[in-house]
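Dear colleague,

I am passing on the structure below, and I would be glad if you could look through it with the notes that follow beside you.

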Amino acid sequence: MSSIPLPKPIELQQMLAMMYGSGLKAAPGNPVHASPGNKSLVALYVDDEDAPVATCAMDHAFTAFAGASLTKVPLGTAKECAQNGDFSEIMIGNVHEIMNICSRLLMNSDSPHLRLLTLYQSPEELPEEVQELVQEPVATADFSVSFSDYGDGGLSFHSLVA
């Protein structure tokens with residue numbers, strides 16, 4: 001199996017700017033871990049045989065600001081959600097759709113086709129075999145994303161296959 005390509009900051013910025021506008025900025029950032037014990041949401045991507053091939057872990061700030069700014073949820077609500085990790089169904093639905101669209105960033109002509117399987121609201125919800133894979137991903141790409149008028153959040157893409 002071919003490896004999963006990981007996006008560069010400009011690729012992530014261009015993809016997200018199609019939804020959020022030119023005020024969105026993506027830059028290299030700190031790792032967001034998908035392993036149990038971390039406060040993150042985790043998107044799981046699988047290949048055509050439903051084998052896990054990649055994840056994207058998002059910190060609570062990314063989840064709140066990405067989920068809120070897409071549908072203009074008030075900033076105060078978004079900041080509160082970023083602090084307490086209690087996200088509305090609308091925010092989770094928005095982030096799920098964003099992660100679905102971001103699946104395009106994890107494919108090229110040499111990689112397997114993949115799709116978003118689901119969005120877990122905690123790393124502890126990941127299947128056991130995926131929890132083992134995310135402990136030592138093959139490759140990672142870590143980002144800080146700035147949502148104009150909202151704030152900054154982090155996310156990390158992890159390739160689980162070589």
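Leaving aside residues up to four places away in sequence, Pro9 touches Ala26, Ala27, Pro28 and Phe143, where contact means heavy atoms within 4.5 Å. Pro9 belongs to helix H1 (residues 9-20), and with a relative accessibility of 26% Pro9 counts as partly exposed; on this scale buried means under 20% relative accessible area, exposed over 50% and partly exposed in between, with a 1.4 Å probe and protein chains only. Helices (H or I, at least four residues) and strands (E, at least two) are DSSP runs numbered from the N terminus.

Please keep in mind that this is a predicted model, in which local features need pLDDT of at least 70 and side-chain atom pairs count only at pLDDT 80 or more, while totals for chains, interfaces and linings use all residues. Residues are numbered from 1 along each chain as its sequence is written, and side-chain values use heavy atoms, with hydrogens and water left out.

Phe143, one of the contacts of Pro9, also takes part in an aromatic pair: the ring centres of Phe143 and Phe157 are 6.1 Å apart and their planes stand at 75°, so the pair is edge-to-face. Rings of Phe, Tyr and Trp (its six-membered ring) pair if their centres lie within 6.5 Å, and planes under 30 degrees apart count as stacked, over 60 as edge-to-face and the rest as tilted. Because Phe143 lies in strand S5 and Phe157 in strand S6, this pair ties together parts that are 14 residues apart in sequence, and both residues are buried. Three aromatic pairs were found in the whole structure, and ring pairs also link Tyr20, Phe62 and Phe147 into a cluster.

The sheet is open and has six strands in the order S1-S5-S6-S3-S2-S4, with antiparallel pairing; two strands pair if DSSP finds at least two bridges between them. Strand S1 (25-28) and strand S4 (114-120) are at the edges with a single partner strand each, so one side of each has no neighbour in the sheet. S1 is joined to strand S5 (residues 139-147) by four bridges, and Lys25 stands opposite Ser146 in S5. Helix H4 (residues 89-102) packs on the sheet, where it touches strand S2 (40-47), strand S3 (52-59), S4 and strand S6 (151-159).

With kind regards

Technical notes: Axes fitted to C-alpha atoms, helices over the stretch in contact; angles between N-to-C directions.
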